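This report goes through a structural model, from the relation between its chains to single residues. Please keep the sequence and the coordinates at hand while reading.

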2 protein chains.
Amino acid sequence: MTAKNSESRSGKTRDTLIRSAIEVFGRAGYDAASTRAIADRAGANQALISYHFGGKKGLYLAVFEYIGVEMRQVLGPIAKQVTTAIQALPAGSAGQRELVVPLLCQILDGLLEVMARPESESWARIILREQQDPTEAFDLIWDFFVGKMLGLVTHLVAIGSGMDENSDACKVRAEMTLGQVLIFLIARGTTARHMQWSELGSSEQALIRQQLRHSLERQFSTEVSPP
Amino acid sequence: MTAKNSESRSGKTRDTLIRSAIEVFGRAGYDAASTRAIADRAGANQALISYHFGGKKGLYLAVFEYIGVEMRQVLGPIAKQVTTAIQALPAGSAGQRELVVPLLCQILDGLLEVMARPESESWARIILREQQDPTEAFDLIWDFFVGKMLGLVTHLVAIGSGMDENSDACKVRAEMTLGQVLIFLIARGTTARHMQWSELGSSEQALIRQQLRHSLERQFSTEVSPP
DNA sequence: TTGATTAATTTAATCACTTGATTAAAATGG
DNA sequence: CCATTTTAATCAAGTGATTAAATTAATCAA
């Protein structure tokens with residue numbers, strides 16, 4: 001196989017096409033995004049999509065592969081950090097429970113920051129669309145993004161709430177926790193009107209983080225909760 | 001204007017087309033949904049879409065009008081019930097604060113129930129899509145669905161948390177609260193894998209409601225929260 | 001109750017246009 | 001020179017919209 005590195009001529013074209021495709025797919029959705037629009041934005045010939053990716057669907061998959069790699073680079077370190085922080089303390093210890101809220105904040109803040117970046121706004125849109133009708137493309141990011149991050153959150157929620165990590169109740173609780181921050185990425189239309197925010201800038205993110213921390217502290221404080 | 005009631009021949013055709021359009025738009029999205037597919041599913045001629053709605057876009061708007069009416073019928077009573085319950089008690093009273101969690105549950109349970117119904121699964125998909133790129137169609141449901149329901153939640157959160165109802169912090173908190181339940185409607189793909197749920201049936205909804213209540217009680221219990 | 005008249009509705013055919021993919025020729029660079 | 005990559009032209013299929021003809025149902029006169 002010829003090198004896919006972005007140094008070669010072929011590699012550069014692939015890169016440009018993928019980057020353009022992320023924008024167009026994100027804005028229009030898979031079906032409404034025309035290969036011509038993608039090629040035009042990339043300053044490339046339309047036929048190159050078939051040549052390099054085998055077709056529109058191939059390009060779409062390449063986009064998810066690309067996003068998966070980028071996402072791993074940003075969220076990977078956070079995931080590792082959180083994992084080691086938990087494992088550093090004995091399971092069930094009070095110290096571990098005290099870590100739950102700050103670690104949850106760390107994960108959710110990272111998620112918010114990554115997905116709210118102007119560059120990755122298209123990511124969020126693409127993933128959200130795929131989310132509603134998962135195709136094979138979803139597999140390319142599920143393992144890490146959802147599997148790993150959601151798994152970590154579930155683990156933390158289990159520690160913080162005393163629930164069994166493998167119980168449905170705990171998983172539900174974990175998704176609810178994620179929902180508290182994801183809502184701002186998903187319901188941008190509503191947020192824009194409700195808050196009269198034109199963008200999800202740093203000050204808006206700070207406010208969300210602040211309220212998120214309050215909420216998490218209330219939910220997973222170290223006091224015992226009623227059975 | 002000739003009657004639009006579903007008794008007349010014209011009215012029946014309009015009704016059938018709208019119902020079919022909800023399914024097709026929901027499954028495929030606006031662009032990917034072809035007028036022929038909509039007409040076929042409705043057992044009608046494709047040209048009738050232009051005749052009755054002026055075109056594809058007109059049909060799309062009619063769909064939102066339809067959804068808006070239906071949603072009002074289901075959520076309207078809940079909204080009224082909650083409003084009167086709050087107003088029955090003096091503002092700032094302890095009794096009012098005690099109502100916050102049950103009333104929030106009532107709203108969110110209603111939302112979950114409505115949007116999780118098999119018939120309205122398509123609604124959720126259409127609204128979510130529109131949410132990401134709001135067009136004029138969004139206006140047809142914003143006022144009630146988001147404006148009113150979100151407004152009520154914001155009001156309850158204000159009472160429960162002691163925040164100023166008009167502050168950004170309170171609005172953020174309200175959206176976070178809604179996010180806890182909406183995530184299950186939005187991230188079906190993730191939920192399906194994480195929980196290994198094939199549908200959002202009554203037992204699944206019951207589990208969500210239960211955890212939701214726990215979470216809300218922790219967040220908005222009557223104890224004073226730190227400033 | 002008839003049968004003709006008329007407007008509203010439905011149908012089939014066709015319009016110009018865009019879609020994703022393919023092809024053969026041209027260009028590029030090692 | 002030659003393999004790789006890019007280009008322009010073309011394909012069949014599908015798009016939303018429009019048209020004129022056909023059908024339906026209601027109205028009025030007898």
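How many residues does the contact take from chain A and from chain B?

## The contact between the chains

In this predicted model, the contact takes 42 residues from chain A and 42 residues from chain B. On the side of chain A that touches chain B, at least two residues each are supplied by α6, α7 (136-161), α8 (168-186), α9 (188-195) and α10 (202-220) of chain A, and the largest share, 14 residues, comes from α8(A). Divided by class, the residues of that side are 20 nonpolar, 13 polar and nine charged.

A rotation of 180° with 0.1 Å of shift along its axis superposes chain A on chain B, with an RMSD of 0.1 Å, and that is the relation of a two-fold axis. The same surface serves both copies, given that 100% of the contact residues of chain A recur in chain B.

## The fold of chain A

The secondary structure of chain A comes to ten helices and zero strands, and the C-alpha trace of the chain spans about 65 × 45 × 30 Å along its principal axes. Of the 227 residues in chain A, 39% are buried. Among the contacts in chain A with a separation of 6 or more, 61% are accounted for by residues 24 or more positions apart.

In soluble globular proteins, nonpolar side chains tend to be buried together. Here the largest nonpolar core has 131 residues, and those with the most contacts inside it are Val63(A), Val153(A), Val63(B) and Val153(B). When neighbours within four places in sequence are left aside, Val63(A) is in contact with Ile18(A), Ala21(A), Ile22(A), Phe25(A) and Ile126(A).

Helix α6 of chain B, residues 121-132, has twelve residues and reaches 17 Å from its first C-alpha to its last, which is close to the 16 Å expected at 1.5 Å a residue. Which residues of α6(B) are buried? They are Trp123(B), Ala124(B), Arg125(B), Ile126(B), Ile127(B), Leu128(B) and Glu130(B), a list in which Arg125(B) and Glu130(B) are charged by class. The cover over the buried residues of α6(B) includes α6 (121-132) of chain A, together with α1 (9-28), α4 (56-87), α5 (94-116), α7 (136-161) and α8 (168-186) of chain B.

## The surfaces near the DNA strands

DNA strand C is surrounded by 20 residues, of which the closest are Ser34(A), Gly55(A), Ser10(B), Asn45(B) and Ala47(B). The elements that give two or more residues to this surface are α2 (35-42), α3 (47-53) and α4 (56-87) of chain A, together with α1 and α3 (47-53) of chain B. By class, the residues of the surface near DNA strand C are five nonpolar, ten polar and five charged.

DNA strand D is likewise surrounded by 20 residues, and the closest are Ser10(A), Asn45(A), Ala47(A), Ser34(B) and Gly55(B). Two or more residues of the surface near DNA strand D come from each of α1 (9-28) and α3 of chain A and from each of α2 (35-42), α3 and α4 of chain B. This surface has five nonpolar, ten polar and five charged residues.

Most residues other than glycine have a negative phi, and most peptide bonds are trans. Gln196(A), although it is not a glycine, has a positive phi of about 55°, and it lies in the loop between α9 and α10 of chain A. In chain B, Gln196(B) also has a positive phi of about 55°, and its place is in the loop between α9 (188-195) and α10 (202-220) of that chain. Is Gln196(A) buried or exposed? Gln196(A) is exposed, because 9 other C-beta atoms lie within 10 Å, and Gln196(B) is exposed with 9 other C-beta atoms within 10 Å.

Ser93(B), placed in the loop between α4 and α5 of chain B, counts as exposed because it has 11 C-beta neighbours inside 10 Å. From C-alpha to C-alpha, Ser93(B) and Leu152(B) are 18 Å apart in space, and they are 59 residues apart in sequence. Lys148(A), found in helix α7 of chain A, is partly exposed, with 16 other C-beta atoms within 10 Å. Lys148(A) and Arg97(A) are 51 residues apart in sequence, with 20 Å between their C-alpha atoms.

Technical notes
Residues numbered from 1 in each chain as written. Chains lettered and ligands numbered in written order. Predicted model: local features only at pLDDT ≥ 70, side-chain atom pairs only at ≥ 80, totals over all residues. Least-squares fit on C-alpha atoms with pLDDT ≥ 70 in both. Contact = placed C-beta atoms within 7 Å. Helix = DSSP H or I, 4+ residues; strand = E, 2+ residues; numbered from the N terminus. Expected span 1.5 Å × (residues − 1). Buried ≥ 20, exposed ≤ 12 C-beta atoms within 10 Å, placed from the backbone. Near = placed C-beta within 6 Å. Core = buried A, V, L, I, M, F, W, Y, C linked by C-beta atoms within 7 Å.
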